[in-house]
Every structure is written in structure tokens, then in C-alpha cells.
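Here is a short briefing for a first look. Keep the sequence and the structure side by side as you read.

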Amino acid sequence: MESPNPSPSFASADRRLWRPAAQRNMRNQWSRLAGCKQRWASASSDGRAHATSLVNTHLSKKYMPSMDFGVLKEMPDIQKKSYKTLSLRQELYGERFLSSYKNLVNIVSDMVNASRSMRCYLKGSAASPILQFGNYSEDKNDSGVGGGVSVFSFYPISYFENLGQELVEMFVLELSLKRLLVVELLSLCCEEPCGGEADMSTWSDEIYPGEFDDLCSNGLFSKESSQPLPPKIKHWEYDIFTVRQTNHHLNCETLQNYLTTWLAEGNIDTIRIDEIFHIVEGEMQVRLS
């Protein structure tokens, strides 16, 4: 249904030209979201694999002093050399784990940008003999929604935007939770051989250069507190997080729970995601995923 009060700039434009442009843009943005969803699955799986290797290496180091090396114990400094090799592997797995997290941050940034780029604006003057459209506004009176008309058959741009925001919110919340697990698990790389800690990360620390700028663009950084927003589980009323330094020793059960939480992705409702894409694909008459 058309809006009773379309924007002045759009009222002078030809809707027959706006709609195809809006459809192309809408397909492009939802295709980006579908691609991001697949990239997330791959990066999350990689992250879990690297985290598992990191944890296993940590446990091998932890229990090495009590291990029976059998006939190998006669080899000079076998335990010391094995410990050094494991330390190098742990550092490598930590770097790979952090790289997977950075990929997830970039993927969510792409999702946020796609969800914010669904509107189609008139470029130049409506009096021009050739009308052109883009995804940013050149006229403050042009809202980019085509006066509220349907983009395809039934739904206006606002409907697609709401679906996109619902989809992106799941991944934003899950990214924040994964950040907590990254901070915790990377602390394994900071433990000293004597059992102490060195240079432990806290929630308020930037864990790679430029991370806070990335989190700010995703709505996950508070300028008031100058630190990332605390993680949450969707639909839970209470906060699961208290800011503190990671200065504790993680036991086997805790580490396993961290890996399970990473895999479970409790903030991502896959059934609802499938429903969203089913609605969008049905409206667009195109297969996105």
C-alpha cells in the first residue's frame, strides 16, 4: 500500500523506474547477508578447531610434569624440549584462534552494513530526463523507501529492514559472547611455566589493533564506558558477565564448557533464520542460500 504522504522528492519520480532499482538493491543486500551467513559458519568452525587445539596443547603442557616418558626419559632434556615445542604450538594456535575471531568481527560488520543499505534513493534531480538511484541520500526529503510502496509484491522496504535487523542482532549478540570466550581462552597463552600469569587480558583491553573501531561500527562498544558492551544470551533477563581480570586457572571442565558454548551458538536461532530467508526468497522469487 502506498504511503498517503510520500516524500516530495519521490513524488516527482517515476515509481516504475524506482521499483526495479529498489529490487536490484534489495536482492544485492540480501545476497550479501546470505553470503555472510555462510562465511560465519566457516569462520566459527575454524575458530572452534583452533580453540580445541589450543586447549589440548595447554592440557598437555599442564600434565607434562606427571607424565611417564618411559624409555624416552633417558634422552637429555626430553621434557624441557617437549615443553618448548608445545609452547610454540600453543602460541600458533592462539594466533589462528584470534584470526578466526577477527574474521567473525569483519563478517558481522559486513552484515550490519548490508542491513543498513536496503533503501533506494534518487540520485540527482527528479527533473532530470534520466532518473538514477543509489543507496545513499542526496536529498534530506528523500527517505529512500519509495513512499512506502511494496518493493516486490507485498512488502515495503521497512519490512525487509526489520527482518534484516532481526537477523543481524543474532550474530551481533553471538559475536559479543564469542569475544568473552576469546579473552578467556587466549589467557592460556599468557601463563608462565611457574604457574603464574603474565600480561593477562581483561574485557576492556583491545585484543587486536583496531578492534574497538570495528566493535563500535557493530554497536558493541560503549563510548560512555570506553569498553565493549558486556555479552548477553538472547531472551535471558539477567547479565551473564561481570568485568574482571582473567587471573584464574581454568580447569578441564571449564575449558570443555567454553568449547561447547562456542559450538552451541545459543544466540543464533537457525530455525528463525531459515524462516526469514524463506520469506525473503518467496517475496523476491529468487534463491539466496
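Among contacts between residues at least 6 apart in sequence, what share joins residues at least 24 apart? The share is 78%. The model is predicted.

**Overall make-up**
- The protein has seven helices and four strands.
- From the N terminus on, the elements run α-α-α-β-β-α-α-β-β-α-α.
- Of the 289 residues, 44% count as buried.
- The protein exposes about 15500 Å². Carbon and sulfur atoms supply 50% of that area.

**Helix α4**
- Helix α4 covers residues 157-186, which is 30 residues.
- At 1.5 Å a residue, α4 should span 44 Å. The end C-alpha atoms of α4 are 42 Å apart, which agrees.
- Most of α4 is covered, with 24 of its 30 residues buried.

**Helix α6**
- Helix α6 takes in residues 252-264. Its 13 residues should span 18 Å at 1.5 Å a residue, and its end C-alpha atoms are 18 Å apart, so the two agree.
- Leu255, Tyr258, Leu259 and Trp262 are the buried residues of α6. They cover an arc of only 95° around the axis, so they sit on the same side of α6.
- An α-helix has 3.6 residues a turn, so residues three or four places apart point the same way.
- Glu253 and Ala264 are exposed on the other side of α6.

**The ends of α6**
- Asn251 caps the N-terminal end of α6. One of its side-chain oxygens lies 3.2 Å from the backbone nitrogen of Glu253.
- Glu265 follows α6 and has a positive phi, near 50°.

Definitions and conventions
Residues numbered from 1 in each chain as written. Predicted model: local features only at pLDDT ≥ 70, side-chain atom pairs only at ≥ 80, totals over all residues. Heavy atoms only, no water. Helix = DSSP H or I, 4+ residues; strand = E, 2+ residues; numbered from the N terminus. Expected span 1.5 Å × (residues − 1). Buried < 20%, exposed > 50% of the residue type's maximum accessible area, 1.4 Å probe, protein only. Arc of directions from axis to C-beta. Polar contact = N/O pair within 3.5 Å; in protein donor to acceptor, adjacent residues only side chain to side chain. Contact = heavy atoms within 4.5 Å. Areas by Shrake-Rupley, 256 points an atom, 1.4 Å probe, with all protein chains shown as cover.
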